Amino acid sequence: MTGIFEERDKARMCDEIAAFFREEHDLELGVIGTGKILDFFQEMLGDRIYNKALDDAKQFYAKYADNMETDYYALYKDIR
């Protein structure tokens, strides 16, 4: 699997991973270690997060479509 992040973003995330392990577990991780952790979580969670985002977008647009239908019928004029 190729990385989904730009190098600049990946470097920043690796810095954050290193800081987390340093503060929470008193462990010093290098660039290779943090990169492997990021790759691991990307591999394990990437597809799940992507699918969840699709489900959330579908729900959003379903609500939007419901509101459009309500607004559409609100435009009707009373006929005598």
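Student: Which residues in α1 are buried?

Tutor: This is a predicted model. Buried means under 20% relative accessible area. What covers the buried residues of α1 includes α2. The buried residues in α1 include C14, I17, A18 and A19.

Student: How far apart are the end C-alpha atoms of helix α1?

Tutor: Helix α1 covers residues 7-25, which is 19 residues.

Student: What radius of gyration does the protein chain have?

Tutor: The secondary structure comes to 2 helices and 0 strands. The C-alpha atoms fill a box of roughly 80 × 30 × 20 Å along the principal axes. A compact globule of 80 residues would have a radius of gyration near 12 Å, but the protein chain has 23 Å.

Student: What percentage of the residues in the protein chain is buried?

Tutor: The protein chain exposes about 7,600 Å², and carbon and sulfur atoms supply 58% of this area. The count of buried residues is taken over the 80 residues of the chain. Buried residues make up 11%.

Student: Which residue meets K52 in a salt bridge?

Tutor: The structure holds 5 salt bridges, and K52 takes part in one with an N to O distance of 2.6 Å. K52 is partly exposed, with a relative accessible area of 48%.

Student: What is the N to O distance in the salt bridge of R12 and D9?

Tutor: Both residues lie in helix α1, 3 residues apart, about one turn of the helix. R12 is partly exposed, with a relative accessible area of 46%. The side chains of R12 and D9 meet at an N to O distance of 3.3 Å.

Student: Is E28 buried or exposed?

Tutor: The side chain of E28 meets that of R22 in a salt bridge, 3.6 Å from N to O. R22 counts as partly exposed, at 37% relative accessibility. The cut-off for exposed is over 50%. Because E28 has 60% relative accessibility, E28 counts as exposed.

Student: How much accessible area does the nonpolar patch of F40, F41, M44, L45 and I49 have together?

Tutor: One of these residues, F41, has its place in helix α2, residues 31-74. F41 is partly exposed, with a relative accessible area of 44%. The patch lies on the surface, and its residues together have about 490 Å².

Note on methods. Residues are numbered from 1 along each chain as its sequence is written. This is a predicted model: local features need pLDDT of at least 70, side-chain atom pairs count only at pLDDT 80 or more; totals for chains, interfaces and linings use all residues. Side-chain values use heavy atoms; hydrogens and water are left out. Patches are made of residues with over 30% relative accessible area and no salt bridge: like charges are joined within 9 Å, nonpolar side chains (Val, Leu, Ile, Met, Phe, Trp, Tyr) within 5 Å. Accessible areas come from the Shrake-Rupley method with a 1.4 Å probe; for residues, only the protein chains shown count as cover. A salt bridge is a side-chain nitrogen of Lys or Arg within 4 Å of a carboxyl oxygen of Asp or Glu. Helices (H or I, at least four residues) and strands (E, at least two) are DSSP runs, numbered from the N terminus. Buried means under 20% relative accessible area, exposed over 50%, partly exposed in between (1.4 Å probe, protein chains only). The expected span of a helix is 1.5 Å times one less than its number of residues. Contact means heavy atoms within 4.5 Å. The radius of gyration is taken over C-alpha atoms; the globule rule is 2.2 Å times the number of residues to the power 0.38.
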